[in-house]
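Biologist: Before we discuss packing and pockets, could you put the model on the screen and then take me through it step by step?

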Amino acid sequence: MDGKLLQKLCDRIGGLANGAGELNTGFNDLDGVINGLKGGEVIVLGGVPSMGKTAFCCSIAKNLSVDNDIPVLYLSLSEKDVNIASKIVSNVSHINIGKINNGALDKDEWKRLDMAIEKLRKAPLYIESKTCYFEDIEKDIRKSLEDNQCRLVIVDYFQMLCSSNKFSSRDEE
C-alpha cells in the first residue's frame with residue numbers, strides 16, 4: 001500500500017480518536033449508528049413524500065448551528081428560503097409551524113418567537129434557495145466554505161440538481 005495513503009489513514013484515525021472532525025447530529029441513536037458526520041462524507045437521506053425529510057434536515061441544521069455554534073449552509077432546491085427559516089424558527093421556539101405560518105400566536109408564543117429569532121440571528125446558519133444547476137451550487141458551496149467556514153452543507157431536494165451542460169439523456173447527466 002502507498003505510504004502517503006497509510007499516513008492519511010493514520011492521521012484520520014488519530015483525529016477521530018481525539019474527537020476532531022466528527023459532528024453530532026443531535027440525534028443520539030443516529031449518531032450511534034453512523035458515528036456522527038465526518039468531513040468529506042456525502043450522506044443521502046431518502047424517503048417517500050411528506051415523510052419529514054426537510055424537517056429532519058432543518059433539525060440537524062438547528063442542532064449544529066444554534067445549539068453548538070457550528071457553521072451550516074442549507075441549500076433548498078424546492079422551497080423558498082423563508083419557508084425553511086419558518087421551519088427552523090418553529091423548531092427553536094417550539095411553536096407549531098401552522099401557527100407561525102398564519103400568525104395566530106398568543107402572548108407567550110410571541111415571546112418565544114422573539115427569543116427564537118434572537119438565537120437564530122446569532123447562529124452561523126446560512127439558508128439559501130437556489131436554482132437547480134450543479135455548477136451554480138458548487139460555486140455557492142465553495143464560497144460559503146471560504147467565507148463562513150461551514151462544516152456542514154445540506155442540499156435539500158438533491159434530485160432536482162441538473163447540469164447546465166447539454167446531455168442527450170438524464171443517465172449521461
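Modeller: This is a predicted model, and a place to begin is the pair α3 and α4, where α3 passes α4 in a right-handed crossing.

Biologist: At roughly what angle do the axes of α3 and α4 cross?

Modeller: The handedness of this crossing is right-handed, and the axes of the two helices come within 9 Å. Taken between the N-to-C directions, the angle at which α3 and α4 cross is roughly 65°.

Biologist: Which residues of α4 meet α3, and how many residues of the contact are nonpolar?

Modeller: From α3, the residues T54, C58, S59, K62 and V66 take part, and they meet I84, K87, I88, N91 and V92 in α4. Sorted by class, the contact of α3 with α4 has three polar and two charged residues, and the number of nonpolar ones is five.

Biologist: Which strands form the open sheet, and in what order?

Modeller: The sheet is open and has three strands with parallel pairing. Its edge strands, each pairing on one side only, are β4 (125–129) and β5 (152–156). Between β3 (residues 72–76) and β5 the parallel pairing runs over five bridges, with V72 standing opposite L152 in β5. The order of the strands is therefore written, with DSSP numbering from the N terminus, as β4-β3-β5.

Biologist: Which strands does helix α4 touch, and what angle does its direction make with that of β4?

Modeller: Helix α4 (residues 81–93) packs on the sheet and touches β3, β4 and β5. Within that sheet, neighbouring strands are turned by 15° against each other on average, direction ignored. The direction of α4, by comparison, makes an angle with that of β4 of about 140°.

Biologist: Which residues lie nearest the centre of the largest pocket?

Modeller: The largest pocket has a volume of about 1400 Å³, and its lining divides into 27 nonpolar, eleven polar and nine charged residues. Among the elements that each supply at least two lining residues are α3 (53–68), α7 (134–148) and β5. Of the 47 lining residues, those nearest the centre are I43, V44, V153, I154 and V155.

Biologist: Which elements give two or more residues to the lining of the second largest pocket?

Modeller: About 160 Å³ of space lies in this pocket, whose lining has eight nonpolar, no polar and one charged residues. The lining residues include A85, I88, R121 and I127, and I88 also belongs to the contact of α4 with α3. The elements that give two or more residues to this lining are α4, α6 (107–122) and β4.

Key. Residues numbered from 1 in each chain as written. Predicted model: local features only at pLDDT ≥ 70, side-chain atom pairs only at ≥ 80, totals over all residues. Heavy atoms only, no water. Pairing = 2+ DSSP bridges. Helix = DSSP H or I, 4+ residues; strand = E, 2+ residues; numbered from the N terminus. Axes fitted to C-alpha atoms, helices over the stretch in contact; angles between N-to-C directions. Contact = heavy atoms within 4.5 Å. 1 Å grid on protein atoms, 1.4 Å probe; cavity = no way out; pocket = protein on both sides within 12 Å on 5 of 7 lines; lining within 4 Å. Points joined across faces, edges and corners; volume = space filled by probe spheres on them. Nonpolar A, V, L, I, M, F, W, Y, C, P; charged D, E, K, R; others polar. Left-handed = near helix turned anticlockwise from the far one by under 90°.
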